[in-house]
Structure formats: structure tokens, C-alpha cells
Amino acid sequence: MDLSGKVAVVTGAGRGLGRAYAAALAAAGASVVVNDLDGSAADDAVKLIQQAGGTAVAEHSAVGTAESADALVQAAVAAFGRLDVVVTNAGVLRDRTLPKTTDDDFDSVVHTHLRGTFTCGRAAVRHFREQGTGGRLILVGSPAGQRASFGQTAYSASKAAIIGLVRTWAMECERHDVMVNGIVPVALTRMVATIPGLGELVERADAGEPIPREIRRGGLGTPADVAPLVVFLASDAAAGVTGQVLGAGGDRISLWSHPTEVAVAYQDGGWDADAIAAMFPSTFGSQPQDFRPTPPPSPQE
């Protein structure tokens with residue numbers, strides 16, 4: 001996969017998944033703007049990319065405002081003359097159940113994840129249209145935005161909304177040759193270390209120990225396992241791929257469906273509450289939709 005001549009911005013790329021995305025894009029030949037609020041983390045990521053023979057510069061904005069989004073686009077153009085790919089990875093987490101979630105908790109998460117995606121996407125598309133050569137938006141979702149995630153009110157809301165942006169932006173931007181796709185990554189990073197049963201696995205992964213096959217087959221691996229999907233979506237091989245949501249983790253890659261009606265009922269003249277109550281158990285109640293997280297599948301031989 002050759003991304004030579006392409007320029008990419010990755011937000012929240014100082015650590016974890018973002019760093020893996022930036023490193024993989026650079027290894028494939030792209031010039032990369034590594035964004036992170038933590039300036040030292042962004043600088044360290046750039047050094048690692050350069051030591052591996054890649055090309056990158058650091059940018060230290062906190063995503064969320066129009067000004068920081070414009071600064072990211074300007075950083076790419078100033079350093080490399082153009083912009084082709086934006087990966088909206090930056091995010092924060094507040095692990096709180098609903099009664100304990102404060103306004104500040106909610107606003108902080110939504111500002112970074114959702115507003116950061118919106119402002120960066122808007123700035124990128126404006127530049128893509130001006131540049132006239134199309135582009136790629138890769139929006140980062142989460143299993144928490146697809147299924148229930150206990151204690152993640154703000155995070156789940158933000159990630160579900162981001163997948164909504166994938167659908168709308170793909171429809172709006174296709175005529176300008178801007179492909180918009182979402183990814184649903186799963187990896188052993190410090191963000192999941194607080195989940196019961198995963199802390200020890202994160203420590204082992206950080207130490208460079210191999211991840212057991214049954215864990216990898218269940219969809220859990222390192223950030224480097226997710227990064228090739230980002231490289232593919234940034235590449236010419238993904239021309240025409242838009243409006244899709246792809247999952248990656250460990251040894252698994254998947255295609256997520258978009259919501260669709262699973263049952264429909266009609267009644268001449270419309271419905272009253274009693275009629276709905278009479279219909280519901282047999283028509284809708286017979287196929288309730290599972291909202292809980294899907295457990296990792298059993299290893300396949």
C-alpha cells in the first residue's frame with residue numbers, strides 16, 4: 001500500500017490508537033501531522049516516525065473549536081503543501097453512571113469527541129473542495145456507540161452521533177470525491193484498562209508480551225492491529241468506498257450494518273394506545289432488539 005504524496009492529519013495521535021494510525025500512515029509513505037493536546041506526547045510520536053524513516057510534524061491544539069480545526073488544516077498545508085486525509089481520533093473519557101455524570105463530565109467528552117469531529121471534518125471538507133482533488137475523512141467510533149456501555153453516558157452518545165455523521169457526510173460529500181467512513185476500533189490501550197478483566201491484558205500488551213490467540217480471535221489486540229484499516233481507507237484502493245462503518249481488533253475485521261426497521265405493523269386510520277398494546281406482544285415483543293454488548297466470539301479453529 002503506497003500513500004506517497006498524500007498528507008494526513010491524525011488527531012489525538014500522541015499515544016495509543018492515534019499514534020498507531022499516524023505511524024502506519026507514515027510507514028506507507030504519507031506525510032503526517034501528529035496532533036495532540038499533550039505536546040510532549042505528540043513530539044515523541046513524531047520522533048518515532050522520523051526514526052523509522054517517515055515524515056511528520058507535531059501540532060499541539062486541543063480539538064473542539066473552529067480555530068483549532070483550521071490550525072490543523074493550516075499546519076498540513078504549511079508543512080506539506082496540501083491535505084488528503086483526516087482521522088478524527090482525539091477523545092477523552094469520563095467513567096460515570098448516569099446519576100453521577102456531571103454537566104462538566106458530559107460537556108468535556110462531547111466537546112472533544114463530537115464537536116472535535118464536527119469542526120475538524122468541516123475544516124477538512126472546506127479545504128478538500130477548495131483544493132479540488134477530493135479527500136478522505138476517517139471518523140473514529142467505538143463499540144460503545146453501537147451497543148450499550150455501562151458507565152459511558154457521554155462517550156456512548158458521542159460515538160453514536162459520530163456514526164450518524166458518517167452517513168450524512170458521505171451523502172453530502174460524495175459529489176466532491178470526498179469519501180467518509182467510520183471505524184470501530186478495539187484494542188488493549190490504557191483507555192480500556194479500567195474495564196474488569198482487561199487491566200492485566202493491557203499491562204501484558206504494553207510489556208510486549210504476545211496476546212493469547214483466543215483473545216485475538218475474540219477481537220482484542222494491539223493498536224497496530226487496527227492501523228492497517230486506516231491505511232486502506234486513506235488509500236486509492238478505497239476509492240468509492242464511502243458511508244461504511246468497519247470494525248477492527250485483534251484478528252478480526254468486520255462490517256457494521258446501519259440501523260433498519262426489523263418489523264412493521266399497519267392499521268387503517270392509525271393507532272391508538274390500546275391497539276398498540278394489543279399488537280405489541282406478538283408483532284414487536286416477539287423479536288426484541290438486543291442492546292447489550294456482544295460477548296467476544298469463541299475462537300474458530
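Trainee: How do you know that the span of helix H3 (residues 66–80) agrees with its 15 residues?

Mentor: The expected span is 1.5 Å times one less than the number of residues, so the 15 residues of H3 should span 21 Å, and the end C-alpha atoms are 21 Å apart, which agrees. Helices here are DSSP runs of H or I with at least four residues, strands are runs of E with at least two, and both are numbered from the N terminus. A word on the source: this is a predicted model, where local features need pLDDT of at least 70, side-chain atom pairs count only at pLDDT 80 or more, and totals for chains, interfaces and linings use all residues. Residues are numbered from 1 along each chain as its sequence is written, and side-chain values use heavy atoms, with hydrogens and water left out.

Trainee: Which residues of H3 are buried, and what puts them on the same side?

Mentor: Buried means under 20% relative accessible area, exposed over 50%, and partly exposed in between (1.4 Å probe, protein chains only). In H3, Ser-68, Ala-69, Leu-72, Val-73, Ala-75 and Ala-76 are buried. They cover an arc of only 150° around the axis, so they lie on the same side of H3; the arc is taken over the directions from the helix axis to the C-beta atoms. On the face turned away from that buried side, H3 carries the exposed residues Glu-67, Gln-74 and Ala-78.

Trainee: Why is Asp-177 called partly exposed, and where is Asp-177 placed?

Mentor: Its relative accessibility is 45%, so Asp-177 counts as partly exposed. Asp-177 sits in the loop between H6 and strand E6 (178–185). Its phi is positive, near 60°, in a residue other than glycine. For background, most residues other than glycine have a negative phi.

Trainee: What makes a space a cavity, and how many of 30 Å³ or more are there?

Mentor: On a 1 Å grid over the protein atoms alone, a cavity is a set of points where a 1.4 Å probe fits but cannot get out, and lining residues have an atom within 4 Å of a point. The count is one cavity of 30 Å³ or more. The largest cavity has a volume of about 50 Å³, the volume being the space filled by probe spheres set on the points, which are joined across faces, edges and corners.

Trainee: Which element gives the most to the lining of the largest cavity?

Mentor: H3 does, with three residues. The lining includes Ala-69, Leu-72 and Val-73, which are also among the buried residues of H3.

Key:
1 Å grid on protein atoms, 1.4 Å probe; cavity = no way out; pocket = protein on both sides within 12 Å on 5 of 7 lines; lining within 4 Å.
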